[in-house]
Amino acid sequence: MKQIEVVAAIIRKGEKIFATQRGYGEWKDWWEFPGGKIEAGETPDEALKREIQEELETEICVDEFLCTVEYDYPKFHLTMHCYWCHIESGSLTLNEHEAARWLTRDELGSVKWLPADVEVVEKMKKQI
């Protein structure tokens, strides 16, 4: 099975968490935490900062590690490293996503999360 390793940013602003809706592919319209693949020679922090700059035109600060999720999708195995982050500068411009929302803890269940991201939401709820 194909293996994919990615990083995801759990961006916090006060009591709210930033979530994005996929605008393409097999999982179009499902919600996720922004991020992407780690390129050769990159640390997870570097990959996360690069991905958020590319996807959202925003500079983030990577604060702390939250969790790693291992999930078997039908066509690949995903390893996703998730980090608490905050915005340093930028406008959160949606270059790849269809929509985005700031969600409170109580609103986290109001969107259709990608299967791997469901595990992240459950771990996050214990910390916020």
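Which side chain meets that of D29 in a salt bridge? The legends below start from that pair in this predicted model.

**View 1. D29 and K28 pair through their side chains.**
The partner of D29 is K28. The two side chains form a salt bridge, with an N to O distance of 3.2 Å. D29 has 34% relative accessibility and counts as partly exposed. K28, at 37%, is likewise classed as partly exposed. A search of the whole structure returns nine salt bridges.

**View 2. A salt bridge joins R22 to E32.**
The N to O distance here is 3.2 Å. R22 belongs to strand β2, residues 16–22, and E32 to strand β3, residues 31–32, so the contact ties together parts that are 10 residues apart in sequence. R22 is buried, at 15% relative accessibility. E32 is buried too, at 11%. The cut-off for buried is under 20% relative accessible area, so R22 qualifies with its 15% and E32 with its 11%.

**View 3. E39 meets R50 in a salt bridge.**
The closest N and O atoms of this pair are 3.6 Å apart. E39 sits in the loop between β4 (35–37) and α1 (44–56), while R50 is part of helix α1; the bridge therefore ties together parts that are 11 residues apart in sequence. E39 is partly exposed, with a relative accessible area of 44%. R50 counts as buried, at 17% relative accessibility.

**View 4. Salt bridges link E39, E42, R50, E51 and E54 in a network.**
E39 and R50 are among the members. Their own contact has its closest N and O atoms 3.6 Å apart. Side chains of opposite charge can pair when their charged atoms come close.

**View 5. E57 has a positive phi.**
Most residues other than glycine have a negative phi. E57 is not a glycine, yet its phi is about 50°. The residue lies in the loop between α1 and β5, the latter spanning 58–72. E57 is partly exposed, at 38% relative accessibility.

**View 6. L92 is a second residue shown for its positive phi.**
L92 is a residue other than glycine, and its phi is near 50°. L92 lies in the loop between β6 (76–90) and β7 (97–103). At 15% relative accessibility, L92 counts as buried, whereas E57 counts as partly exposed at 38%.

Definitions and conventions
Residues are numbered from 1 along each chain as its sequence is written. This is a predicted model: local features need pLDDT of at least 70, side-chain atom pairs count only at pLDDT 80 or more; totals for chains, interfaces and linings use all residues. Side-chain values use heavy atoms; hydrogens and water are left out. A salt bridge is a side-chain nitrogen of Lys or Arg within 4 Å of a carboxyl oxygen of Asp or Glu. Helices (H or I, at least four residues) and strands (E, at least two) are DSSP runs, numbered from the N terminus. Buried means under 20% relative accessible area, exposed over 50%, partly exposed in between (1.4 Å probe, protein chains only).
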